[in-house]
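Reader: I would like to learn how to read a model like this one, feature by feature. Could we look at it together?

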Amino acid sequence: VSYRDHHPADLNDALSQRHSDGREARGSLSDLVPRFGHGSRVPGWDDAVDLTKDPAVIPDLATTPVPDDLRREIEASMAKYPDRRSAAIPALHAAQAVHGWCSPEAIEQVAAVMRLTPAYLTSVASFYDMFELEPKHTNDVFVCTNITCSILGADEFYDAMAAAAEGQDIDVRSFECLGACDIAPMASVNGEYVGPLELADAQRIVEDLVAGQPVLKDKQLRYRRSVDPNVESEAPSPQTQSET
Amino acid sequence: MKPILFDRIDEPGLNTLDVYQRRGGYEMLRKALSMSPEDVLAQIMDSGIRGRGGAGFQMGRKISFLPHGDMVKYLVCNADESEPGTFKDRELMQKCPHALLEGIGIAAYAGGIEKSFIYIRGEYQLQADILEAAIAEAANAGFVGERILGSDFSMSLVLHRGAGAYICGEETGLLDSLEGKRGNPRLKPPFPAIEGLYAGPTLINNVETLSTVPYILRMGGGDYAKLGTETSTGTKLVSISGDVKRPGNYEIELGIPSREIIYGLAGGPPSGKKIKFWFPGGSSSPVLTGDDLDVPYDFDSMAKAGSMLGSGAIIIADESRRILDTMLKVAKFYAHESCGKCVPCREGTNWTHKMVQRIYTGEATPMDLDIMASVQEQIIGNCLCVLGDAMAMPIGSMVAKFRPELEAEIEAARERADGAALEDVVALGVADEHAGPIPVH
């Protein structure tokens with residue numbers, strides 16, 4: 001039994017279940033991994049080394065259904081580079097946006113358009129933190145728990161965030177440095193950087209996500225001004241001057 | 001000091017071509033195209049600017065290493081800013097993307113390069129969107145593309161988004177990633193200047209370095225070199241974070257005392273407490289203590305003080321912080337980000353992480369600190385890239401400088417663990433007659 005044999009909807013159910021001892025089971029598929037009596041995992045338990053299957057060849061584009069938009073986007077990416085293989089990461093980004101995760105179908109579609117093997121693309125996808133090889137929820141909250149953020153309380157915020165997102169369509173992950181230590185502790189909510197965060201913000205993030213509105217608008221990094229005292233704070237361009 | 005890169009950086013609309021051109025943007029590209037590539041390179045050489053990404057290699061010399069002749073050469077702008085503590089390129093790209101594009105144009109012209117790429121980390125979505133819009137604007141206005149501004153020089157520019165891997169900030173790992181592979185570093189030599197992207201000669205520079213190039217041309221290389229110290233010329237963006245009142249990016253002249261940045265600009269610890277330890281150049285640099293605050297902030301003085309300037313990211317921790325917590329975060333980070341290609345790094349980072357965890361659980365002994373220090377010695381210099389070294393240096397410096405505190409942590413955790421073990425046994429009701437500490441070893 002491989003978890004490939006399960007319908008993604010079943011997997012989503014499994015993801016939101018808890019172990020009998022109350023331990024968080026979401027995000028791990030350990031319940032679905034077949035094991036020998038002594039506890040070792042049966043070889044071929046994950047899709048990278050499914051020994052029950054023949055090696056996958058490059059899928060035929062004629063027999064692999066690929067959404068038109070996705071195919072066009074991947075082809076446009078390939079055209080940008082001297083070597084089409086360079087488009088692997090942009091193509092996987094595009095496929096993940098369509099499928100929600102780098103599912104076997106998503107990988108196969110990219111493989112068909114790019115003329116690469118699914119194994120190659122899986123090896124690429126598994127290297128990078130932003131590609132998900134397991135089903136996941138729609139919304140992503142990446143909580144930075146690296147040095148600066150953790151000095152300023154990110155670990156406590158992560159716990160609060162994970163608790164607040166319980167039961168919602170939100171994945172909470174602790175992430176390595178996201179490059180925004182000036183607003184530590186911070187998080188990236190569906191790509192939007194917000195901070196500095198307090199524990200109460202966890203609930204607000206969930207509320208904003210559920211309501212489908214911009215997250216923590218007063219704490220978004222995009223509006224932050226420079227702190228350097230040598231930067232002239234008000235330097236309106238001639239155009240804006242004439243407007244005022 | 002009058003800022004150069006941060007000159008009126010908050011001006012509304014500076015990310016658009018319109019505003020950037022109104023303050024003289026792209027004039028330096030025009031000027032460069034009217035000069036010979038050799039003269040442009042001479043200006044960059046004269047400026048003495050050293051790479052702002054971490055290694056601090058002179059940009060002019062890097063360009064001069066590119067082979068001459070009629071061949072396809074590449075320029076890659078390293079915007080995969082992932083060194084913990086660093087966030088300067090983010091602000092530059094978000095607020096003034098056209099300075100970067102102009103710098104790329106000038107550097108490409110100086111090196112005879114026709115194809116350029118910007119590799120930006122995947123998490124910087126806002127910045128990538130802004131850069132993409134800026135590239136489209138610049139291409140529309142004829143600053144990027146075929147026969148720029150009526151000259152014979154053509155250049156293409158592609159923005160490439162990464163997908164979250166620290167190792168892709170290492171230049172050869174970045175090249176592999178840009179070629180669509182896993183981001184594994186390559187054996188050097190050959191260096192990228194000889195054999196880089198698609199096996200062609202490749203110039204790789206950081207966002208901040210390239211963004212400075214138009215200003216070097218405007219001031220003149222010689223005048224730019226008058227800023228800073230003799231061997232660390234110019235200004236530098238410093239990202240300061242942690243226990244300070246005003247965290248953020250500051251543009252400083254290289255060579256000013258570190259105290260001036262930490263206390264003068266960033267305001268020092270908000271609690272008024274003393275500084276216990278600080279990273280002067282990102283998490284990869286050996287930590288310094290509160291006694292080192294008067295070290296001048298430039299490449300050579302930092303090296304002399306036993307640390308490094310790195311990417312210019314200062315992380316401050318005041319005396320209420322435990323060194324052990326930061327040690328765990330550093331070890332965990334490098335263990336997670338090691339690509340796994342070289343054994344000393346893959347095993348060394350993982351075992352160091354496990355050894356630090358053992359301190360927490362009370363299983364460690366003071367001898368572990370010696371083993372930890374020896375592991376670091378085994379890593380340094382034995383891998384294809386410096387990711388392992390980047391863990392070994394800060395961990396080694398923490399063990400060396402905070403040994404008494406770490407030994408006390410080990411002892412305290414062991415006592416806690418013993419107490420907990422005893423409570424478990426008592427709770428089970430089997431050890432009443434053994435009341436008293438249970439020998440651990």
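Author: Gladly. Let us begin with confidence: pLDDT is the predictor's confidence in each residue, from 0 to 100. Contact means heavy atoms within 4.5 Å. This is a predicted model, in which local features need pLDDT of at least 70, side-chain atom pairs count only at pLDDT 80 or more, and totals for chains, interfaces and linings use all residues. Residues are numbered from 1 along each chain as its sequence is written, chains are lettered from A and ligands numbered from 1 in the order in which they are written, and side-chain values use heavy atoms, with hydrogens and water left out.

Reader: What is the average pLDDT of chain A?

Author: Chain A averages 84, and 77% of its residues score at least 70. Over residues 22-26 of chain A the pLDDT is below 50, and this stretch has 17 contacts in the model beyond near neighbours in sequence. Residues 235-244 of chain A also stay under 50; for them the model has nine contacts beyond four places in sequence. Where pLDDT is low, the predicted coordinates should not be read in detail.

Reader: How many helices and strands are there in chain A?

Author: Helices (H or I, at least four residues) and strands (E, at least two) are DSSP runs, numbered from the N terminus. Chain A has nine helices and four strands. From the N terminus on, its elements run α-α-α-α-α-β-α-α-β-β-β-α-α. Among contacts in chain A between residues at least 6 apart in sequence, 61% join residues at least 24 apart.

Reader: Is helix α4 of chain A mostly covered or mostly uncovered?

Author: Buried means under 20% relative accessible area, exposed over 50%, and partly exposed in between (1.4 Å probe, protein chains only). Of the 244 residues of chain A, 48% count as buried. Helix α4(A), residues 104-114, is mostly covered, with eight of its eleven residues buried. Among them are A:Ile107, A:Val110 and A:Met114. The cover over the buried residues of α4(A) includes α2 (68-79), α3 (88-99) and α5 (118-125) of chain A. Just after α4(A), A:Arg115 has a positive phi of about 60°.

Reader: Which residues of helix α15 of chain B are buried?

Author: Start with its length. Helix α15(B), residues 366-379, has 14 residues and spans 21 Å from first C-alpha to last, close to the 20 Å expected at 1.5 Å a residue; that expected span is 1.5 Å times one less than the number of residues. The buried residues of α15(B) are B:Asp368, B:Leu369, B:Met372, B:Val375, B:Gln376 and B:Ile379. They cover an arc of only 120° around the axis, so they lie on the same side of α15(B). The arc is that of the directions from the helix axis to the C-beta atoms. On the other side of α15(B), B:Met367, B:Glu377 and B:Gln378 are exposed. Just after this helix, B:Gly381 takes a positive phi of about 80°.

Reader: Now the sheets, please. In what order do the four strands of the open sheet in chain B stand?

Author: Strands of a sheet pair through backbone hydrogen bonds, either parallel or antiparallel. Here two strands pair if DSSP finds at least two bridges between them. The order is β3-β2-β1-β4 (chain B), with parallel pairing. Its edge strands, β3 (156-161) and β4 (202-206) of chain B, each pair on one side only. Strands β1 (residues 74-79) and β2 (residues 115-120) of chain B are joined in the parallel sense by six bridges, and B:Asn78 has B:Tyr119 in β2(B) as its bridge partner. Helix α7 (residues 125-140) of chain B packs on this sheet, touching β2 and β3 of chain B. Its direction makes about 165° with that of β3(B); axes are lines fitted to C-alpha atoms, for helices over the stretch in contact, and angles run from 0 to 180 degrees between N-to-C directions.

Reader: Is B:Asn205 buried or exposed?

Author: B:Asn205 is found in strand β4 of chain B, and at 4% relative accessibility B:Asn205 counts as buried. Leaving aside neighbours within four places in sequence, its contacts include B:Met59, B:Val76 and B:Leu210.
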